[in-house]
Amino acid sequence: MATHATNMRPHLTLPVTERDHIQGLATAPVTLVEYGDYQCPSCLQAYPIMIDIQEHLGDRMRLVFRNFPLSTVHPQAQRAAEAAEAAGAQGKFWEMHDYLYEHQSHLDEAALLRYAAEIGLDVERFDGDLREHKFAARVKEDFQSGIRSGVNGTPTFFINGIRHDGAWDLETLTRTILAAAEER
């Protein structure tokens, strides 16, 4: 009995739920999950590609972001992930997500507080959440789900639950997502 190639690739072990940060409709034929690190140069390269793909595919795709800070290589990644989660607690995850990538070279404490103010967060609450590491467990949960799903670097993408092992340039990723949409 032949095994289809996609059955051999790692699958997403933690299904997408309301706990996730999602852009797009639940009825979209394709769900793209990205495991990313805010200090990762490759993730920064992927950031505008994700925007372009979302604009091109519209309601045909929903995007999910999960934290995968590679702290041994990127010392500010964990703190940045916690900052995104703290912003999410105030309803502004995606605004902080975008700010962190758009200002990747400045992820120190003062910068994070400045970004919080610039996107309209309650800065005192945000600062307290960061100092208390209130969202460290959430970041760790994302990280561990990535490990269980076969993530070993960033960015890593899953298309409808199956790890995408090919190139993630705009053309290749768009073509792969469109093919997945047609399979449904």
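Axes are lines fitted to C-alpha atoms, for helices over the stretch in contact, and angles run from 0 to 180 degrees between N-to-C directions. Helices (H or I, at least four residues) and strands (E, at least two) are DSSP runs, numbered from the N terminus. The model is predicted, so that local features need pLDDT of at least 70 and side-chain atom pairs count only at pLDDT 80 or more, while totals for chains, interfaces and linings use all residues. Residues are numbered from 1 along each chain as its sequence is written, and side-chain values use heavy atoms, with hydrogens and water left out.

**Helix packing**

Two packed helices are described by the angle between their axes and the distance between the axes. Helix H4 (residues 93-102) packs with helix H5 (residues 109-118) at an angle of about 135°, and their axes are 10 Å apart. H4 and H5 are therefore oblique to each other; angles under 35 degrees count as roughly parallel, over 145 as roughly antiparallel, 65 to 115 as roughly perpendicular and the rest as oblique. Their crossing is right-handed, a crossing being left-handed if the near helix is turned anticlockwise from the far one by less than a right angle, and right-handed if clockwise. On the H4 side the contact (heavy atoms within 4.5 Å) is made by Met96, Tyr99 and Leu100, and on the H5 side by Leu112, Tyr115, Ala116 and Glu118. These residues divide into six nonpolar, no polar and one charged. In this classification Ala, Val, Leu, Ile, Met, Phe, Trp, Tyr, Cys and Pro count as nonpolar, Asp, Glu, Lys and Arg as charged, and the others, Gly among them, as polar.

H4 also meets helix H2 (residues 41-57): the axes of H2 and H4 come within 10 Å and cross at roughly 125°. H2 and H4 are therefore oblique to each other, and their crossing is left-handed. Cys43, Leu44 and Tyr47 of H2 meet His97, Asp98, Tyr101 and Glu102 of H4. By class, this contact has four nonpolar, one polar and two charged residues.

**The sheet**

Five strands form an open sheet of mixed pairing, in the order S1-S3-S2-S4-S5. Strand S1 (21-23) and strand S5 (162-164) stand at the edges with a single partner strand each, so one side of each is left without a neighbour in the sheet. From one strand to the next the twist averages 25°. H4 packs on this sheet, touching S1, S2 and S3, and its direction makes about 70° with that of S3.

Two strands pair if DSSP finds at least two bridges between them. The pairs are listed below.

| Strand pair | Sense | Bridges |
|---|---|---|
| S1 and S3 | antiparallel | three bridges |
| S2 and S3 | parallel | seven bridges |
| S2 and S4 | antiparallel | four bridges |
| S4 and S5 | antiparallel | three bridges |

Isoleucine 22 has valine 64 in S3 as its bridge partner. Threonine 31 stands opposite arginine 62 in S3, and tyrosine 35 stands opposite arginine 66 in S3. The bridge partner of leucine 32 in S4 is isoleucine 159, and isoleucine 159 has isoleucine 162 as its bridge partner in S5. S4 and S5 form a hairpin with two residues between them, and asparagine 160 in the turn has a positive phi of about 50°.

**Burial of the strands**

Buried means under 20% relative accessible area, exposed over 50%, and partly exposed in between (1.4 Å probe, protein chains only). Seven of the seven residues of S3 are buried, so S3 is largely enclosed by the rest of the structure. Met61, Leu63, Phe65 and Asn67 point one way from S3, Arg62, Val64 and Arg66 point the other way, and all are buried.

S2 is mostly covered, with seven of its seven residues buried. Val30, Leu32, Glu34 and Gly36 lie on one side of S2 and Thr31, Val33 and Tyr35 on the other, all of them buried. Both faces of strand S4 (residues 156-159) are likewise covered, with Thr156 and Phe158 on one side and Phe157 and Ile159 on the other, all buried.
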